[in-house]
Amino acid sequence: MDEGGSNNVQRHWGKTDGKGTRRIWSTAEEEALLHSLKEIVQKGWKRDNRLRTCYSGVLEQMIRKRCPSSGLKIVPRISSKIHVRKKIYRPLLTMITHSGLGWNESNNTIDAKDDAFENYAKVTTYYIYNCL
């Protein structure tokens, strides 16, 4: 275990599957990433539903300002975290935009009527097995 600088954030490093080490992000680092991404979008770095080229350098600088002791670099840490977030976000977005399903802000859960969820599950299962 390694101490995370002046704010005493602990970082955990450990072997995973032999491909490299896995780094557990602190809450402050997660928040810095999310706030920095929101700020980049507000500053006009998003065009045609994509972030413009060279946003990664700006993102890394913003995170470095918010968490100077983190030492996070775009490759591999930040880009990997964004990739994982996209993999989680896309299916959730697809699910909550489906008729009869919605997001509950108070519980941070998906609300669904039984018949709506069953219909969504049938469509999704059919797509996974027959279209991929």
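Author: S36 sits in helix α1; helices here are DSSP runs of H or I with at least four residues, strands are runs of E with at least two, and both are numbered from the N terminus. Please keep in mind that this is a predicted model, in which local features need pLDDT of at least 70, side-chain atom pairs count only at pLDDT 80 or more, and totals for chains, interfaces and linings use all residues. Residues are numbered from 1 along each chain as its sequence is written, and side-chain values use heavy atoms, with hydrogens and water left out.

With a relative accessible area of 0%, S36 is buried; that word stands for under 20% relative accessible area, against over 50% for exposed and partly exposed in between, with a 1.4 Å probe and protein chains only. Setting aside neighbours within four places in sequence, S36 is in contact with L59, M62, I63 and R66, where contact means heavy atoms within 4.5 Å.

Beyond residues up to four places away in sequence, I63 touches A32, L33, S36, L72 and I78. I63 also belongs to the largest nonpolar core, which has 11 residues: W25, L33, I40, W45, L59, M62, I63, L72, I74, I78 and I82. Such a core is a set of buried Ala, Val, Leu, Ile, Met, Phe, Trp, Tyr and Cys residues joined through side-chain atoms within 4.5 Å. Helices α1 (27-42), α2 (55-66) and α3 (74-97) are the elements that each give two or more residues to this core. In soluble globular proteins, nonpolar side chains tend to be buried together.

E60 lies in helix α2 and is buried, with a relative accessible area of 15%. Its side chain reaches the backbone nitrogen of I74 at 3.0 Å. Leaving out neighbours within four places in sequence, E60 is in contact with L72, K73, I74 and I78. Back in helix α1 we find E29, which counts as buried at 2% relative accessibility. E29 and S70 are 41 residues apart in sequence, yet their C-alpha atoms are 7.3 Å apart in space.

Now for the open space. The largest pocket holds about 1100 Å³. On a 1 Å grid over the protein atoms alone, a pocket is an open set of points where a 1.4 Å probe fits, with protein on both sides within 12 Å along at least five of seven lines, and lining residues have an atom within 4 Å of a point. Grid points are joined across faces, edges and corners, and the volume is the space filled by probe spheres set on them. The lining has 23 residues, and L37, I82, R85, K86 and Y89 are the closest to the pocket's centre. Elements α1, β6 (50-51) and α3 each give two or more residues to this lining, with the largest share, 10 residues, coming from α3.

To step back, the protein comprises four helices and eight strands, running β-β-β-β-α-β-β-α-α-β-β-α from the N terminus on. Of its 132 residues, 22% count as buried. Among contacts between residues at least 6 apart in sequence, 31% join residues at least 24 apart.

Technical notes
A polar contact is a pair of N or O atoms within 3.5 Å; within protein, one must be able to donate a hydrogen and the other to accept it, and residues adjacent in sequence count only if both atoms are side-chain atoms.
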